[in-house]
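Please read it alongside the sequence and coordinates shown here.

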Amino acid sequence: MNFLGSSGLQVSALSFGAMTFGGTDPYFGKIGSQQLSEARELVSVAIDHGVNLFDTADFYSEGQSEEILGQSLRKRRSEALIATKLRYPMSSTQNDSGLSRHHILEACVASLRRLDTDHIDVLYLHNIDTATPLEETMRALDDLVRAGKVRYLGVSNFPAWMVTKAAAVSSARGWERFVCNQVHYSLACRDIESELVPSALDAGVGHTIWSPLSGGLLSGKYRRDNQNPENTRRSRGFGDTVPVDDDKILDIVDVATDIAGSRGTSVAQVALNWVVSRPTVSSVIVGARTREQLLDNLGATAWELTTEEIDRLDAASEPRLPYPQWHNRIHSQDRRRGPGDRVLAGRESPGRRAQRLASGS
């Protein structure tokens with residue numbers, strides 16, 4: 001178990017993503033369409049293997065994901081934490097989208113009804129809304145927490161500057177703060193390391209990770225001799241695939257395949273284990289269309305990558321730093337206070353730091 005950011009809430013290192021529940025609409029149907037009987041089995045398997053955090057959103061399949069997850073958890077609600085999100089339009093009604101006070105309050109009530117629960121454990125803002133002042137949004141969220149309808153707050157896909165601003169606003173106003181940011185992070189996409197990781201360390205915000213296998217590109221199906229595997233999100237044309245450099249993906253998969261072969265495990269487990277090891281990561285969301293796929297993903301926390309293996313994966317996936325990070329890396333070494341500054345200065349990868357601190361060095 002990990003703490004969710006700097007809060008006192010403990011969450012499993014792997015959480016279950018219910019985006020594939022429902023899936024009867026054309027968009028989400030491309031990644032999965034589990035109905036209640038299948039969903040109940042997957043939820044039970046997850047709980048039985050130590051998962052306590054379940055992630056969904058009102059937008060997933062027009063509320064079907066929330067409804068099916070709520071029904072699947074009905075008999076085991078006390079064993080589970082439910083995280084959901086709001087922001088996107090749920091109808092053609094003018095005010096039924098965004099992060100206005102009106103939409104937040106209405107969307108929360110609707111989610112509680114679909115989830116068949118009296119509280120949401122973690123409520124995320126699914127994306128930014130430049131039309132609504134941040135203060136209006138945060139005051140509405142604070143009211144929901146004080147009313148007992150929501151227990152913890154998070155954001156998703158927010159830029160670092162907005163996470164930092166929100167921390168300052170909540171501190172100045174005495175409002176409930178955001179404890180987590182749900183972001184995309186994987187060996188194929190390490191963009192968050194340039195700004196979001198340092199800001200999270202500074203603000204005490206934990207990261208919950210979506211698409212840690214980058215839409216299946218790191219699942220083990222995608223290889224040099226099979227670059228267009230069937231039955232994947234990419235082959236089905238799912239629109240939220242992450243833009244990646246295919247040549248770099250193949251380099252990463254080569255290293256992950258070698259490590260998986262030496263350990264007798266799967267490429268997916270290697271990729272998931274790497275994400276779990278990062279210092280700001282509170283929980284990594286995994287989804288599954290089958291019981292077998294879920295069990296393999298959950299096996300990623302049964303072992304740990306060595307420092308040498310992490311270094312190999314870091315080298316294969318090393319991102320090109322944007323400005324001013326590359327400049328800071330070169331010119332900030334004279335003012336480091338200690339080893340912890342290496343993350344902020346870009347001299348040490350978060351994974352390497354996690355291994356070093358764990359070993360006491």
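Y185 and W274 are both buried. They belong to a predicted model, in which the count of aromatic pairs comes to seven.

**Aromatic pairs**
- Y185 and W274 form a tilted aromatic pair, with 5.5 Å from centre to centre and 55 degrees between the planes.
- The pair ties together parts that are 89 residues apart in sequence, because Y185 lies in the loop between β8 (178–184) and α6 (196–203) while W274 is in helix α9 (residues 267–276).
- A cluster linked by ring pairs is made up of F28, F59, Y60 and Y88.

- In soluble globular proteins, nonpolar side chains tend to be buried together.
- Here the largest nonpolar core has 84 residues, and F16, F21, F54 and L313 have the most contacts inside it.
- Helix α8 (residues 246–263) supplies the largest share of this core, eight residues.
- A second, separate core has 10 residues, including L4, V11, L53 and A83.
- Leaving out residues up to four places away in sequence, F16 touches F21, L42, A46, V51, L53, F54, D55, I285, V286 and L294.

**Helix α1**
- Helix α1 (residues 36–48) has 13 residues. From its first C-alpha to its last it reaches 18 Å, close to the 18 Å expected at 1.5 Å a residue.
- The buried residues of α1 include A39, L42, V43, V45, A46 and I47.
- An α-helix has 3.6 residues a turn, so residues three or four places apart point the same way.
- Packing partners of the buried α1 residues are the strands β3 (14–17) and β4 (53–55) and the helices α2 (64–73) and α10 (291–298).
- Two of the α1 residues named as buried, L42 and A46, are also among the contacts of F16.
- After α1 comes G50, which has a positive phi near 95 degrees.

**R224**
- R224 sits in the loop between β9 (206–210) and α7 (233–236).
- Is R224 buried, partly exposed or exposed? Its relative accessibility is 44%, so R224 counts as partly exposed.
- Apart from neighbours within four places in sequence, R224 is in contact with L250, D251 and D254.
- The C-alpha atoms of R224 and D251 are 9.1 Å apart in space, and the two residues are 27 residues apart in sequence.

Note on methods. Residues numbered from 1 in each chain as written. Predicted model: local features only at pLDDT ≥ 70, side-chain atom pairs only at ≥ 80, totals over all residues. Heavy atoms only, no water. Phe/Tyr/Trp six-rings, centres within 6.5 Å; stacked < 30°, edge-to-face > 60°. Helix = DSSP H or I, 4+ residues; strand = E, 2+ residues; numbered from the N terminus. Buried < 20%, exposed > 50% of the residue type's maximum accessible area, 1.4 Å probe, protein only. Core = buried A, V, L, I, M, F, W, Y, C linked by side-chain atoms within 4.5 Å. Contact = heavy atoms within 4.5 Å. Expected span 1.5 Å × (residues − 1).
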